[in-house]
Amino acid sequence: MAQPKRKIIKKTYKKSEPKVKKTRQKPKYGSSKLEDRFASNFLDKLGVVYERQFEAKDIKRFYDFKIGSILIEVDGDYWHGKDLVYEDKNRMQKHSEWVDEVKNEWAISHGYLLYRVWESDINNNGAKVMEELKEILKIEEKRNNKKKRH
């Protein structure tokens, strides 16, 4: 049995508006879920006023949080190679270590107190992180009081 020939039907479509590419909104630079969680679980609970993504323009780097003369960096365990010796780190982790050193030096040379907190401490040892933050905030308060006296 022979199969019937299929008809090819050309459909013409009315040209409509040109297609517009939907652009995805970019997240804030450097913002992460870990940073968001740190802010809500610690800084907000302490009632601290802070700045997110403080820029050190001369080195073109951002710090996660700034509270007065305190800079806070929230370091992910994997990205920053926690508990790994240099030789065991991958290229990205070695780069993160270099960037961390640059940021550490910049903070010290500009009179900032830098507090680094590990992801594992945020997740597993919140009480320790909260106590450390309270101590650092006391130091900041003392610094401010000394400035006001003069």
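Visitor: Which residues does Glu55 touch, leaving out those up to four places away in sequence?
Guide: Glu55 touches Arg61 and Phe62. Bear in mind that this is a predicted model.

Visitor: Where is Glu55 placed?
Guide: Glu55 is in strand 1, which covers residues 51-56.

Visitor: Is Glu55 buried or partly exposed, and why?
Guide: Glu55 counts as partly exposed, because its relative accessibility is 33%.

Visitor: How far apart are Glu55 and Phe65?
Guide: In sequence, Glu55 and Phe65 are 10 residues apart. In space they are 9.7 Å apart, C-alpha to C-alpha.

Visitor: New topic. How many salt bridges does the structure hold?
Guide: It holds 11 salt bridges. One of them joins Asp36 and Arg52. Their closest N and O atoms are 2.9 Å apart.

Visitor: What does that pair tie together?
Guide: Asp36 lies in helix 1 and Arg52 lies in strand 1, so the pair ties together parts that are 16 residues apart in sequence.

Visitor: Are those two buried or partly exposed?
Guide: Asp36 is partly exposed, at 35% relative accessibility. Arg52 is partly exposed too, with a relative accessible area of 24%.

Visitor: What about Arg116? Which residue is its salt-bridge partner?
Guide: Arg116 pairs with Glu73, and the closest N and O atoms are 4.0 Å apart. Arg116 is in strand 4 and Glu73 is in strand 3, so this bridge ties together parts that are 43 residues apart in sequence.

Visitor: Buried or partly exposed, for Glu73?
Guide: Glu73 counts as buried, because its relative accessibility is 3%. The cut-off for buried is under 20%. Arg116, in contrast, is partly exposed at 25%.

Visitor: What about Glu131 and Lys134? Where do they lie?
Guide: Both lie in helix 4. They are 3 residues apart, about one turn of the helix. Glu131 is partly exposed, with a relative accessible area of 46%. Lys134 is partly exposed as well, at 36%.

Visitor: OK, His80 now. Where is it?
Guide: His80 is in the loop between strand 3 (70-75) and helix 2 (91-109). His80 counts as buried, because its relative accessibility is 16%.

Visitor: And what does His80 touch, beyond residues up to four places away in sequence?
Guide: His80 touches Asp75, Lys89, Ser96, Asp100 and Trp118. Asp75 and Asp100 are also in that salt-bridge network.

Visitor: Let's go to the largest nonpolar core. Which members touch the most others?
Guide: Phe38, Ile72, Val74 and Leu133 do. This core has 18 residues.

Visitor: Which elements supply at least two residues each?
Guide: They are helix 1 (33-46), strand 2 (61-67), strand 3, strand 4 (113-118) and helix 4 (126-149). Helix 1 gives the largest share, 5 residues.

Visitor: Why would such residues gather?
Guide: In soluble globular proteins, nonpolar side chains tend to be buried together.

Visitor: What does Leu133 touch, again beyond residues up to four places away?
Guide: Leu133 touches Phe38, Phe42, Leu43, Leu46, Ile72 and Tyr115.

Visitor: How many residues are in the other core, apart from this one?
Guide: That other core has 7 residues, among them Phe54, Leu71, Ala107 and Tyr112.

Key:
Residues numbered from 1 in each chain as written. Predicted model: local features only at pLDDT ≥ 70, side-chain atom pairs only at ≥ 80, totals over all residues. Heavy atoms only, no water. Helix = DSSP H or I, 4+ residues; strand = E, 2+ residues; numbered from the N terminus. Buried < 20%, exposed > 50% of the residue type's maximum accessible area, 1.4 Å probe, protein only. Contact = heavy atoms within 4.5 Å. Core = buried A, V, L, I, M, F, W, Y, C linked by side-chain atoms within 4.5 Å. Salt bridge = Lys/Arg side-chain N within 4 Å of Asp/Glu carboxyl O.
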